[in-house]
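Good morning, colleagues. I would like to take a few minutes to walk through one structure with you. Please have the sequence and the model open as I speak.

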Amino acid sequence: MNKIEFYSSLPIIKEAEVVVAGGGLAGCAAAIASARYGAKTLLIESGGCLGGAATAGLVAPISSISTKTSGEKFGGILWEVLDSVVEKAKAYCNSTHAPHSALHLYKYVLMEKLVESNAEILFHAFVTDVVSDEDGKIKELIVSTKDGLKRILGKAFIDTTGDGDVMGKSNAKTIIGSEPNVLGVISQNEELKGGAKGTDFLPDDYVGQLQPVSLMMQFGNVNVEKAQKYMNKKITYEELGTTKEEFSKWKYANTLGFEIADDEFVPMPQGRVWLVYAQRKDVATVNMSRVLGVNACDPISYSDAEVKAGLQLIAIIDFLKTFVPGFKNSYFMESSNTLGIRESRRLIGDYLLSGNEVVECARFEDAIAHGSYIIDIHDPTGKRMAIGGKIEKEYYSIPYRSLITARVPNLATAGRSISADHVATSSTRIQGTAMLTGQAAGIAAAMAVKNNCSMGEVDVKNLQNQLINDGVFLKPLNF
C-alpha cells in the first residue's frame, strides 16, 4: 500500500495553493511574499507563536541585514519587519538601546503582516509525513494536531522548518553533517585561519558532525560595557581575579562545560563569554551554553540535548554573577523556550553553494538574495571557540538554484536548510539572510502556481524584478 492509499482516510484540515511549513522568520517572509503575490497561502507552525529562533529561541540580534561595511540595507520584508519592531519597541518597551532586539515584538509584527497579506496560519500542527506522486511531486502534508493526524493539500510547498522536515520525507536529496574536504577553504585561507578563535585543526577532523546547539538567556541590570571586555576570548584565572584552586571550589566546577583542564584558562562551555546588547542598555542577551553531537532530526538526540542544555543554565548564571565583572549585580530574566540549532538537514539542490563562493563573495546570474555575515562555524568537536573569519567583499549572492531541486518539482526551501555546504551554511543560516531567501521562495512558489509550472521553470528574471520592485537590494550578475 502506498502513502496515498494509506493516508486517504484521514480528514483534510486545510487546502491552499502555497503551503509553507515552519513559522520562523524565513517561513513568515515566504508566506507574506506568496500571499502578497496573490496565491492562497497557508503557513503551518508546530508551536504557538511566530518568529522561531528569534522569539522562542531568543536569538538576537537579527544579523546580515545590510552590506558588510557600507551599510546599504538589504531591504524587503526583512526591513519592513525590523522597522516595525523598532517603532513599537520605542513606544511600548521603553527601549533605549538596540530596539530591533525587542524579540517578543516580532511575534505580533509577523502576525500582523501575515494577516494583512491574507495568508492563513495554522498553529500547533507538526509535519509528520509527506505524500508524493511517482514523479516526486508533493501532493499533501500529513500533520499531527491536537485532534490527531490530518491532511493538508497544496500545489507548491516551501520547507522553512529549519530541520528540513518536509524535504527529508520527500524525494529530495539531503545531507546531515559536514562533508569530506569541505574545510579546505579555511585551512588554505590565511585570513580565515587567522580569524579562527582557537588552535589549528585538520580539515577533516569532524566529517559528518554538526555544529553544537545552545540555549539563549537574558539578564537585566548588566554593566554591558564592563562585561564586553571579557567577551569572545580565552580568559585566564588571573584575569578573573581567582586561581585554579579557588575555582575548583566553586559549586559548579567540573560540571558539563566547566571541566577544569591542565592549563591557565577558565573553562566555559563555549570557551568564552558571549553577549550582545538587548532592547535596553542594561539588558544583555547571553549565548554561552554548548551541547555537542546533537542531531535535531533525531528525536532522542534532540530531547537529550534539551535536558543537558537546561541543566547547564544555572551554572552559567552563577558563573557570570560570581566571576565576570559587569554581572555581579545582574539578575536573570529568562531563557529560550527551545534550543538554538545552527545546523541540521540541508538540501542538496540544483546548485550547492560552497564555502569558497561565500568567502570570495561570488555573484550569480540567478541571484535572489545577498548575505554579508562572516564564516562562523561553532566547532562540532568542542575543541575551539569558533572556526572562520570575514568574507572578502561587501556581500555574496545566493542563487535561486540553491532553493530548489528537480527531484521535487513543486518544492522550495529557505533559511538554514538551503543547498549550501557546511562552511557556506555557517553564514547563510543567519536570520537576516533567512528572511531574504524566504521572501524569494515565497514569490517563486506563487509564480509557479500562477503559471502552472514547476519551481525550476519559474522565470528567474521575472522573480528578480519582483524582488527589486518589493524593495529587496539585489544585484545579480549582468543584471
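**An enclosed helix and its surroundings**

The buried residues of helix 2 pack against strand 2 (18–21), strand 3 (41–44), helix 3 (76–92), helix 4 (105–117), strand 8 (156–159) and helix 12 (431–450). Please bear in mind that this is a predicted model.

Helix 2 itself covers residues 25–36 and spans 16 Å from its first C-alpha to its last, close to the 16 Å expected for its 12 residues. Of these 12 residues, 11 are buried, so helix 2 is largely enclosed by the rest of the structure. Leu25, Gly27, Cys28 and Ser34 are among the buried ones. After the helix comes Gly38, with a positive phi near 110 degrees.

Let me turn to the nonpolar cores. The largest contains 84 residues, and Leu78, Tyr106, Ile368, Tyr400 and Leu463 have the most contacts inside it. Helix 12 supplies the largest share of this core, namely 12 residues. Another core, of 40 residues, lies apart from it and includes Ala98, Leu215, Ala309 and Leu320.

Leaving aside neighbours within four places in sequence, the contacts of Tyr106 include Leu25, Ile62, Val81 and His100.

Finally, consider Glu45, in the loop between strand 3 and helix 3.

Note on methods: Residues are numbered from 1 along each chain as its sequence is written. This is a predicted model: local features need pLDDT of at least 70, side-chain atom pairs count only at pLDDT 80 or more; totals for chains, interfaces and linings use all residues. Side-chain values use heavy atoms; hydrogens and water are left out. Helices (H or I, at least four residues) and strands (E, at least two) are DSSP runs, numbered from the N terminus. The expected span of a helix is 1.5 Å times one less than its number of residues. Buried means under 20% relative accessible area, exposed over 50%, partly exposed in between (1.4 Å probe, protein chains only). Contact means heavy atoms within 4.5 Å. A nonpolar core is a set of buried Ala, Val, Leu, Ile, Met, Phe, Trp, Tyr and Cys residues joined through side-chain atoms within 4.5 Å.
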